[in-house]
Amino acid sequence: MLAAILLVGIALGCAVGEGVPVLERRAQDIEKGIMCPVCPGESIDQSQHPLAVQMRGIVSEKVEEGWTGKQIEAFFVERYGPSVLLDPPREGLSLMVWLAPPIGLALALGALFLVLRAMVRSPASAAEGAQGDVELSEAERDEYFRRIDAAIDDDRGEGTEETTGRSSNSGAGKAI
Amino acid sequence: MIVDTGNLALLLALLVTCYVVVASFLGAWQRIPALILSGRYGLYTVPVLLAISSAALVYAFVNNDFSVRYVAENSSLAMPVKYTWVAFYAGNAGSLLFIAGAFSVLSVLALFTLVKRLPYTAPFSTGLMALVLAFFLGVTVFLANPLERLPFALADGEGINPLLIHFGMFIHPPMQMLGLISVAIPFSIAMGALLAGRGGRDEWVNVGRLWGMVSWLILTIGLLLGSWWAYTILGWGGYWAWDPVENSALMPWLALTAFVHSIMVQKRRGMFRMWNLVLVAVAFTLAEMGMFINRGGPVPSVHSFAQSTMGWLFLFFMGFTLLGSLAAFAWRFDTLKSRERLDSLLSRESAFLAQNVLFLTVAFVTLWGTIYPVISKASQGLTITVGEPFFNRVNGPVLLAIVFLMGVGPLLPWRRANMRNVLRVLRYPLGVAAVTAGVLAIAGIRAPVALLALAVCAMAVTGIAHEWVRGTRSRHRKGESYPTAFGRLVAANRPRYGGYIVHLGITMLAVGAIGSSFYAVQRDFALVPGEEASLGKYTFRYVDFQEVAYPDRDEFTASFTVRSGGRELGVMEPRRSSYRGSISATRAAIRSTPLEDFYIVPSEFGEEGQAVFRVYVSPLVWWMWVSGPLFILGMVLAVSPRRERATALAVGLSRADRAQGVTGRRRLGLTATRRA
């Protein structure tokens, strides 16, 4: 149901027409990647600082004159230095900023896999289950069973997942 | 006089807090109940003392006592009294007092929930909370005292930062500060358990989880309100810019999200004991980092409300937390043995762990991008900026993977799943995802990433909906009416269904983010009154304008009539206020529907009402703002207490075989299993 509503919503929502000339769109895309030098962290697209307004004007002008995005970026880098680009450069040592995340993710996923596999195979684990209980005397154990049964019966009335998890050993069974 | 009393109370609060640190740790170490008790009671008095200090500051604000430096800097005669609340935390000193006060209240509340349940852990947790509090109070008293007096009284104050004059500012900053500092509570509980040598037992898990989720909820609301504020007042049509301060609020949220999930595995299966402690320590460290960056950290940001030079002190405290946690791990490592055994690679447990990895990845990518400019500058002397495009490109795919996992993970059974069952459970979600993608493609959505992302969202929603429907049906078959069945289904497993509600909220956030980042349209229009323009299906006429000069600002209000498809949508009035001192604040006029937002904001002005307006049509943003209530509802449901008796029983049972380090929960499970 909800999915259907969403679906229609999205379909209609995205039916918004273009309505923006190609050149203007290109200018906007470029503006989003250039930082306003006097308002750190904001792009000239976002900022309402007079300098940002002026820089937007330059971008539109250059786009109309047929400059490419790269050329316009180079134009601003020449004036304000490389930090004027919101996108860090993909060359030299700065390449690291781009490479580290995917490498990190790959390593993390690899580690995850190894850890999980080790946990599945853990040889001690099979034995541990059996060892846990031995030290109990008969009387103690009976007391445990009595109290556990009471607890389980209490819970079962409300059919909780907790109870299912504890009392059944059917590992493959899907929890409620 | 009153201000001096407040000052005295503040100093006293610091002294008491320091005493609490010593008394609690010493008492716990040497097992001296009287000392422990005096520490606890000491902490109970701190909120009262800080309430006195805060009242004194409010008094100074209300009476325009400009002999108090902080009041002079953040208020003025012209400021309406209701903004005292905002002015209180508008600057560095006041926000520190706010944080300390709020945290003292949280600590006391947390203590109430701890004392009976975790008698051995509580003294250590008290000491830790007091330690955090002592840091904040120490900084407040010695470096940034909001009650400090000027040598002479000023005639008028400098006034409040105009960007703060917005409804959102009444809630967002306090929520955000409260959220960041509240991470210290689950941290103190978990680390207290570790220090007490009880990290290997699962008794702290319930209350740790409770406070982890409280903290998560506060942070979530803070972030949501902040985005909403940015959307309505900053006038750039967006809500999230991966600004350093935004990032620093997001990072602890991410780590905390990992924690509140992975703690469920410990709660249910007694696994991941060490890991959960690591997660909560990481979350708190990142929260401290957030406060550090917000207070004159090394990274330039638009959020400079609480700028000061004391950032480095926070960095020191952060390092102290990190090293302290490491030392605690090393010292108590032997108590942390847990049965790290999985029955299968494909199980709920491993889904949780995968979720943790993805969330931490986003957190660390964000951290990396945030601090990389500093690294680059220090190592190569090269100043570069890491901005929005980087974060979108790198975090986007991981976030999408998270939404995907959100659709799959909850459908996996604990312990062991087999591929066939999983596929069977996933047939509806996957089917709906495929249909969604198809329909959307026909409807004209061509961007492959947007298609994929929306299909994944549809999958997540279907998975959740299917669970509700299936559960309700199976109860209905046992003779309950549908509404009863539904209610009982939820009541029977609140953590699970509360979680589903939160997941729905997250999906709504995702849908909003996808719609607005892929399909938002914007355009600048230079208009004179009487002129008409159109964007998409909207046609708007710039009818008139109004300029009003207030004592502190000039306000420009434009009025538009808007039509869409021949239908009148009424009048919209975007506004821009230029304050003395060249700061200006805009108030966008937004017409919001579930389908799309139509957004007008004035940006430049000429003569006689001629102005440039920026107009946005941003699809699906509405869904982001309405997800808030779902987070609250879901979280309240998920933490609402239940089955205390059974848990208490389990803990009681385990006490018998403490030596073996076997927990009650598992004990209970094994014994029952054995009998069966």
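Leaving aside residues up to four places away in sequence, B:G168 touches B:L225, B:W228 and B:W229. The model is predicted. B:G168 sits in a loop of chain B that runs between helix 6 (122-142) and helix 7 (172-182). Its C-alpha atom is 9.2 Å from that of B:A230, a residue 62 places away along the chain. B:G168 counts as partly exposed because it has 18 C-beta neighbours inside 10 Å, whereas a buried residue needs 20 or more.

The largest nonpolar core has 201 residues, and those touching the most other members are B:F103, B:L133, B:A255, B:A283 and B:C457. Helix 9 (residues 205-233) of chain B gives the most to this core, with 18 residues. For B:L133, the contacts beyond four places in sequence are B:T17, B:V46, B:A100, B:F103, B:S104 and B:S107.

Chain B also has an open sheet of four strands, in the order 1-10-9-8, with antiparallel pairing. On average, neighbouring strands of this sheet are turned by 15 degrees against each other, direction ignored. Strands 1 and 8 stand at the edges; each has a single partner strand, so one side of each is left without a neighbour in the sheet. Strands 9 and 10 of chain B pair over nine bridges, and B:E604 stands opposite B:V612 in strand 10.

| Strand of chain B | Residues |
|---|---|
| Strand 1 | 521-527 |
| Strand 8 | 589-592 |
| Strand 9 | 596-605 |
| Strand 10 | 611-619 |

Conventions
Residues are numbered from 1 along each chain as its sequence is written. Chains are lettered from A and ligands numbered from 1 in the order in which they are written. This is a predicted model: local features need pLDDT of at least 70, side-chain atom pairs count only at pLDDT 80 or more; totals for chains, interfaces and linings use all residues. Helices (H or I, at least four residues) and strands (E, at least two) are DSSP runs, numbered from the N terminus. A residue is buried if 20 or more other C-beta atoms lie within 10 Å of its own, exposed if 12 or fewer, and partly exposed in between; C-beta atoms are placed from the backbone. Two residues are in contact if their C-beta atoms, placed from the backbone, lie within 7 Å. Two strands pair if DSSP finds at least two bridges between them. Axes are lines fitted to C-alpha atoms, for helices over the stretch in contact, and angles run from 0 to 180 degrees between N-to-C directions. A nonpolar core is a set of buried Ala, Val, Leu, Ile, Met, Phe, Trp, Tyr and Cys residues joined through C-beta atoms within 7 Å.
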